[in-house]
Amino acid sequence: MPELPEVETIRRTLARCLPGKKIEDVEVRLPKLVRPDVATFVENARGRVFGEPQRKGKVLILPLGESSLLVHFRLTGQLVFLSPESSEPAYTHLVFALNGARLAYADLRQFGWLEIVRNEDLAEHPSLVSLGPEPFDLEAEEFYVMLTSRRRRLKALLLDQQFLAGLGNIYVDESLFRARLHPEREAATLSFEEARRLLRVVQDVLREAIATGGSSVRNYVDGEGREGRFQERHLVYQHRERPCPRCKTPIVYKQVAGRGTYFCPRCQR
DNA sequence: GACAACCTGACC
DNA sequence: GGTCAGGTTGTC
């Protein structure tokens, strides 16, 4: 599930209810989801108080005093704050008890993970140390240099978290369509104008997606269990064979860089 | 680069 | 039965 807009939405919703809440206890029902092991995880969690939620790329960072809880949702992870009377989501594998309220981690496909890291070790964490810049932190000139020094296809490059942090399959396809760039185009062949256009649409798409609470294509929900609405604005993602919004040519679906990819073969060059 | 692996589905 | 799935990592 979550790409940058979804994780950012989870961060913002949890920011409203989580800070100041104390972890009274942790129930880990699926041990493989926590690192390095259940005993260490529970010991490092118990008694800690949540601070102001942060995010880097697709990683959610929940400060707990001198350490921080890292959460990666991979494809189907959910983190939902529950009031005392509400019931937990399906596939809940871990629950933090917060003096009546609870914070539940659910994950249908069980690919996500949670880990508590000392703040002084955060920068060196494998999931954070090699992250590329976020799209919002870039200028057109730098992005142009980044792109034109790479001999890779745009689709593969934009999905690479070491190149650029935060984009996933949905937002790469939506951005490339809006920028009228073909997913199989070699990055090094972009003109400065094309690079500038691509950066601008990536930023626009992410901002719009955050403003509408992210994309709920399958089972994504925010930190309060609510679905997003950006899927209603998708122009190509999951629009196989439907007419292109610009030229009416049927949207093509094919594997590019190992991922299902949607694009207009006429508009995108 | 391509592919399998990690899992549990939904949908045709 | 087959295909596909908001991600990442490890292997040829």
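Guide: Ser67 belongs to strand β5, which covers residues 67-72. The model is predicted, and the distances below are computed from it. With a relative accessible area of 5%, Ser67 falls under the 20% cut-off and therefore counts as buried. Its contacts beyond the neighbours within four places in sequence are Arg48, Ile116, Val117, Arg118 and Asn119. Arg48 also takes part in a polar contact, made between its side chain and the side chain of Ser67 at 2.8 Å.

Next come the surroundings of the DNA. The residues around DNA strand B are Lys32, Tyr91, Leu108, Arg109, Gln110, Phe111, Arg152 and Arg153. Of the atoms of DNA strand B within 4 Å of the protein, 65% are from sugar and phosphate.

Lys32 has a polar side-chain atom 3.1 Å from a phosphate oxygen of DNA strand B. For Arg153, an N or O atom of the side chain is 3.4 Å from a phosphate oxygen of DNA strand B. Arg109 is placed at a base: an N or O atom in its side chain lies 2.9 Å from a base oxygen of DNA strand B.

Definitions and conventions:
Residues numbered from 1 in each chain as written. Chains lettered and ligands numbered in written order. Predicted model: local features only at pLDDT ≥ 70, side-chain atom pairs only at ≥ 80, totals over all residues. Heavy atoms only, no water. Near = heavy atom within 4 Å. Polar contact = N/O pair within 3.5 Å; in protein donor to acceptor, adjacent residues only side chain to side chain. Helix = DSSP H or I, 4+ residues; strand = E, 2+ residues; numbered from the N terminus. Buried < 20%, exposed > 50% of the residue type's maximum accessible area, 1.4 Å probe, protein only. Contact = heavy atoms within 4.5 Å.
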